[in-house]
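User: Can you walk me through this one? I'd like to talk packing and cavities.
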Amino acid sequence: MTRTRLDTIRAAMAAASLDAFVLSRADEHLGEYVPPSAERLAWLTGFTGSAGLAIILPGRAALFTDGRYTLQAEHETDPALFERHHVTDEPPQPWLREQLHQAARIGYDPRLFSAEGVARYQDAGLTMVPLEPNPVDQAWTDRPQPPMAPAYPYPAGTASSAKRAAAAKILADAKHDAAILTDPHSIAWLLNIRGGDLPYTPVALAFAILGADASVRLFISPGKLTRTTSDWLSGIGLHPPEALPDALDALAGRTVRVDPAGAPVWFAQRLELAGAKVAEAPDPCLLLKACKDEWERQGARAAHHRDAAALIRFLAWLEQRPSGTDEHQAAERLLAFRREVSGFRSESFPAISGAGPNGAIIHYRVTEATARPLADDEAYLIDSGAQYQDGTTDVTRTVWTGPGLPPPDLRQAYTRVLQGHIALATARFPKGVAGPHLDALARRPLWDAGLDYDHGTGHGVGSFLSVHEGPAGLSRAARPIPLAPGMILSDEPGYYEPGRFGIRLENLLLVVPDETAARPFLRFETLTLAPFDRRLIDKALLSPAEHAWLDAYHARVLEEVGPNLPEAARTWLERAAAPLGTGSLTNPAPNS
């Protein structure tokens, strides 16, 4: 089937006199999660990860992914059809340059690439040709219909009118007449609405034009708007998506902000053809949305407290799990506990439930058909999260299944990951420091042992929105956005031994002012509350300060979450959260 689809695309390339076709995994909003109707890369290649790129040439094809998906790409794609490349070690632009002659023409869909994305190819000396329509869309005859879930009001701490005024001031100060909003998360935040068009993130797919006068025109399928939602959006111009091209044309002569990194380049191309002046600048909602107000901060704290009870019940259950429990069943059990929590709406991403060697696959996707049983005496990694009405969670723990003792090299690696986690959680830093400046703190204990991990240390997290939120991040590759009070970021160093085990330890952190500092400094408040596996900690590696932090953290978990647990889970937590070095935390035999 995949070979036939490749042949169809190559025929379309020949008809358009193209030497190559580049297909990204993105949809028209350039988001992480896409609806089934936009899974073009999966349709063509079989790869289902959330980030990837395919390049089709007349005689060969290649798939480019990052380190999170290297093993997944090997499992899901046919090596006879697709070469596999690491996007960082072997970027697609120079690879493509080597394959083609000087006058080669490379086709791409301008609705699926940002201006910055296209510029990376042009800067490599490649001639990029926008295609409309996308040849995949023409060949995909059984393509699912676009989602039509209803949008609904989301009463928040800050009124939409105040948010619109703040975003409009950014435009007015920059002397921009309007901004194109293509990110549904920005629109959801700005208008205080949510929806159900995407898995794991509660948004309604739509576009909007924000004016410097704080006016908003929303382009959304009318079928998504109930009477209640239409009334909620009183004062907002409501239009069908088909009206968007004419609305862009009507901006002729105006200065219009378009995010070069986050918006499809099609918008800038259309505006320029219409005679508008395109101002390349970030989405004006991004930083405003990232800095949670007090209502959102309190919601995050409350959501994490409730989520902690579900996770701890799961960890206690895990020790007494039925014999033969597999990765999928374990993830489903955790989901069942979360479904009992008030305010639960959905998972915030597909749980990564990896036992033994599967834990080394950084973004492992377990299925019922491929799930591996949790064996005795191996590491089990569970990375999961939830969307609650008042907040979004994301937490990772790595545990030892027992009943034997973990091998020394696993304990040492785990402890070094934990040390990096603590180093970041306890960091104090001056205002103006950005995520890339802090990334090395979490890596230093691993680097000291000649170890590292192939993913970022942390990402932003939304407020009942995307679990992966920009613009700030804790990564060497992140944009140098200064951290600011109200931002929520993950702290998730890891280490992975292919074929053996994976380790990742993740809490969410809230950026808050450091009131103890004489100068304007910031620090982190830990939101996530769940114990770390004491069996995997090599106490001899910990400094006195690290030891003290761990004991204090576990005492807090016991004090704040313990009273909300059933008796059996509370008893388990009392052992799991005991001060390090007191007693032992053994693993009862399954079914004991």
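This is a predicted model: local features need pLDDT of at least 70, side-chain atom pairs count only at pLDDT 80 or more; totals for chains, interfaces and linings use all residues.

User: Which residues in helix 14 are buried?

Analyst: Glu-327, His-328, Ala-330, Ala-331, Leu-334, Leu-335, Phe-337 and Arg-338.

User: How many residues does helix 14 have, and how far does it reach?

Analyst: Helix 14 covers residues 327-339, so to speak 13 residues. From first C-alpha to last it reaches 19 Å, close to the 18 Å expected.

User: What sits at the start of helix 14?

Analyst: Asp-326 does. One of its side-chain oxygens comes to within 3.1 Å of the backbone nitrogen of His-328. His-328 is also among the buried residues of the helix.

User: Switching to cavities. How many are there of 30 Å³ or more?

Analyst: Four, from a search of the whole structure.

User: What volume does the second largest cavity have?

Analyst: About 40 Å³.

User: Which residues line the second largest cavity?

Analyst: Ala-290, Lys-292, Gly-460, Val-461, Glu-469, Gly-470, Pro-471, Ala-472, Met-487, Ile-488 and Leu-489. Strand 23 (469-474) and strand 24 (488-491) are the elements that give two or more residues to that lining.

User: Which element gives the most?

Analyst: Strand 23, with four residues.

User: And how does the lining divide by nonpolar, polar and charged?

Analyst: Seven nonpolar, two polar and two charged.

Methods: Residues are numbered from 1 along each chain as its sequence is written. Side-chain values use heavy atoms; hydrogens and water are left out. On a 1 Å grid over the protein atoms alone, a cavity is a set of points where a 1.4 Å probe fits but cannot get out, and a pocket is an open set with protein on both sides within 12 Å along at least five of seven lines; lining residues have an atom within 4 Å of a point. Grid points are joined across faces, edges and corners, and a volume is the space filled by probe spheres set on the points. Ala, Val, Leu, Ile, Met, Phe, Trp, Tyr, Cys and Pro count as nonpolar, Asp, Glu, Lys and Arg as charged, and the others, Gly among them, as polar. The expected span of a helix is 1.5 Å times one less than its number of residues. Buried means under 20% relative accessible area, exposed over 50%, partly exposed in between (1.4 Å probe, protein chains only). A polar contact is a pair of N or O atoms within 3.5 Å; within protein, one must be able to donate a hydrogen and the other to accept it, and residues adjacent in sequence count only if both atoms are side-chain atoms.
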